[in-house]
Amino acid sequence: MATAAISVSKYLEFFRKKEVRSVLDYGAGTLRNSAFMAEAGFRVYAADLPVQVARIVKMDSARKLAGVLAVDELSHGSLDVDLVLSSYVLNIISDGTEKSRYLKNIVLNLRPEGYLLVEVRCRNSVLQCSSGCMHGVNCSNCIKTYSHEELDQLVESQGFRRVSHYYRRHSVAVLYQHFQ
């Protein structure tokens with residue numbers, strides 16, 4: 001079986017108990033989460049930037065998927081999935097407008113009361129930011145990192161409520177449910 005991010009494998013039984021059947025891996029990259037979930041019996045869609053989609057469609061594990069989409073196709077909002085996976089994507093989106101678009105696409109393709117699992121690099125509390133650090137934006141030790149509270153603030157305006165979260169050494173994983 002393919003190896004997934006720890007957060008995905010950790011919540012696998014929860015997803016089964018909640019009768020999750022369809023998954024969007026948004027920012028699928030090398031398909032590790034997509035392949036894992038497909039092999040576990042879920043109907044999986046992978047979405048990424050067009051340049052990465054060109055690579056994905058050539059991968060053997062892409063044949064296990066229900067579909068591969070470029071991110072601009074998600075604005076149509078036609079998937080109605082039970083779960084969206086977001087592994088480290090928010091760490092690489094620095095532009096606020098792009099983050100908003102990313103979250104809007106999640107909502108457009110998620111069924112009512114569906115789940116969002118976000119995993120990101122977390123802020124290292126041991127390292128001190130310099131006085132020039134403005135909310136983790138300029139400091140090389142904390143750039144594009146999040147705490148679970150910061151993720152809550154980011155997604156709450158889109159109708160998400162935290163179900164669970166946990167920290168690992170360098171990451172935090174947060175499971176949300178979407179309510180309108």
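Helices here are DSSP runs of H or I with at least four residues, numbered from the N terminus. I keep that in hand for these notes on a predicted model.

**Entry 1: the largest pocket.** Which helix gives the most to the lining? I found helix H5, residues 96-109, with four residues. Sorted by class, the lining of the largest pocket has eight nonpolar, four polar and four charged residues.

**Entry 2: helix H6.** Next I looked up helix H6 (residues 148-156), whose buried residues are His148, Leu151, Asp152 and Val155. They sit on the same side of H6, because they cover an arc of only 105° around the axis. A handy reminder to myself: an α-helix has 3.6 residues a turn, so residues three or four places apart point the same way. The buried residues of H6 pack against H5 and strands S5, S6 and S7.

**Entry 3: salt bridges.** I counted seven salt bridges. One of them joins Asp152 to Arg162, at 2.6 Å from N to O. Asp152 lies in helix H6 and Arg162 in strand S6, so this pair ties together parts ten residues apart in sequence. Is each partner buried or exposed? Asp152 is buried at 14% relative accessible area, while Arg162 is partly exposed at 36%.

I also noted Arg111 with Asp82, their closest N and O atoms 2.6 Å apart. Arg111 is in strand S5 and Asp82 in strand S4, so the bridge links parts 29 residues apart in sequence. Asp82 is buried, at 10%.

Note on methods:
Residues numbered from 1 in each chain as written. Predicted model: local features only at pLDDT ≥ 70, side-chain atom pairs only at ≥ 80, totals over all residues. Heavy atoms only, no water. Helix = DSSP H or I, 4+ residues; strand = E, 2+ residues; numbered from the N terminus. Nonpolar A, V, L, I, M, F, W, Y, C, P; charged D, E, K, R; others polar. Buried < 20%, exposed > 50% of the residue type's maximum accessible area, 1.4 Å probe, protein only. Arc of directions from axis to C-beta. Contact = heavy atoms within 4.5 Å. Salt bridge = Lys/Arg side-chain N within 4 Å of Asp/Glu carboxyl O.
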